[in-house]
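Thanks for coming. I will go through one structure today and keep it short. Please have a look at it first.

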Amino acid sequence: MSQVLLITSSPRLESHSSRVARTLADKLASHAGSNLTVRDLTRRPLQHIDDSFAAARNTPSDLLTSTQKSVLSASDELLRELFAADTLVIAAGMINFGIPSSLKAYIDHVVRPGVTFRYGEKGPEGMVRGKKAYIVVARGGIYSQGPMQAYNFQDTYLKVALGFIGITDVEVIAVEGVAFGPEAAEKAVGAALARVEAVAA
Ligand SMILES: Cc1cc2nc3c(=O)[nH]c(=O)nc-3n(C[C@H](O)[C@H](O)[C@H](O)COP(=O)(O)O)c2cc1C
């Protein structure tokens, strides 16, 4: 039994990252005994974390007040979903050089001391183990090589954040250069979908 978790985050309705990620997630979940859970961060946005969240996340679970438990309830739900998944497929369009704010809010909810990471003798240790993650990114320009490479805070950031909580087996599938016209966009989507076919085969 394999559990696939698809996380979409684009603010755009005609999202390339969501389309490619959905195709991949559907294919992975179509294998016998697999299940798909969809977390759409645009349709069901999370609240930005605040002072009460910052305090509650640092409070040992046996000392949490009932108010603090309710502050953490959305985060707890996301974590149940995350720990239950074997494979993550995360769709992220590039917004101002980084990830959509909806996805940043998700990261802020799932990076939890004592739950998804802890500090050991050798420094921070991720506690979300044994997952495979695919990050499907879309962006107007080209950032995988050339002069804009240093401005990519999208998949580079996501890999750091996922790695911090223990998700280190990560593949990036990129839809790049969609701002260079419809033909370029179709070509970029086609290349990403070809990689999806290969991954899901
Ligand atoms: C508000 C906004 C900001 C954007 N910022 C960038 C950017 O910094 N660099 C870039 O290459 N493309 C940028 N784009 C273009 C998107 O990355 C591109 O449309 C991509 O396809 C978005 O992903 P999606 O198709 O999954 O929505 C931006 C688009 C929007 C709407």
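Val 136 is in contact with Ser 17, Val 20, Ala 21, Leu 24, Val 89, Ile 90, Ala 91, Ile 173 and Ala 192, leaving aside its neighbours within four places in sequence. Contact here says that two C-beta atoms, placed from the backbone, lie within 7 Å. Before going on: this is a predicted model, in which local features need pLDDT of at least 70 and side-chain atom pairs count only at pLDDT 80 or more, while totals for chains, interfaces and linings use all residues. Residues are numbered from 1 along each chain as its sequence is written.

Val 136 also belongs to the largest nonpolar core, which has 40 residues; Leu 24, Val 89, Ile 90 and Val 136 touch the most other members. A nonpolar core is a set of buried Ala, Val, Leu, Ile, Met, Phe, Trp, Tyr and Cys residues joined through C-beta atoms within 7 Å. Buried stands for 20 or more other C-beta atoms within 10 Å of a residue's own, exposed for 12 or fewer, and partly exposed for anything in between, with C-beta atoms placed from the backbone. At least two residues of this core come from each of S1, H1, S3, helix H5 (101–110), S6, helix H6 (155–164), S7 and H7. These labels are DSSP runs numbered from the N terminus: helices are H or I with at least four residues, strands are E with at least two.

Now the sheet. It is open, with 5 strands in the order S2-S1-S3-S6-S7 and parallel pairing; two strands pair if DSSP finds at least two bridges between them. Strand S2 (34–40) and strand S7 (169–176) are the edges, each pairing on one side only. From one strand to the next the twist averages 15 degrees. Axes are lines fitted to C-alpha atoms, for helices over the stretch in contact, and angles run from 0 to 180 degrees between N-to-C directions.

S1 is mostly covered, with 5 of its 7 residues buried.

Next, the helices. Helix H1 (residues 16–29) lies across strand S1 (2–8), S2, strand S3 (87–93), S6 and S7, and runs at about 170 degrees to S3. Helix H7 (residues 182–200) touches S6 and S7, its direction making about 155 degrees with that of S7.

Leu 193 sits in helix H7. Is Leu 193 buried or partly exposed? Leu 193 is partly exposed, because 16 other C-beta atoms lie within 10 Å. Leu 193 touches Val 20 and Thr 23, not counting residues up to four places away in sequence.

On to the ligand. There are 17 residues around the ligand, and Ser 10, Ser 15, Ser 17, Gly 93 and Gly 140 come nearest; near is a C-beta atom, placed from the backbone, within 6 Å. H1 gives the largest share of the shell, 3 residues.

Last, the loop between S3 and H5, where Asn 96 lies. Phi of Asn 96 is near 50 degrees, a positive value in a residue other than glycine. Asn 96 is exposed, with 9 other C-beta atoms within 10 Å. Phe 97 lies in the loop between S3 and H5 too, and has a positive phi of about 75 degrees.
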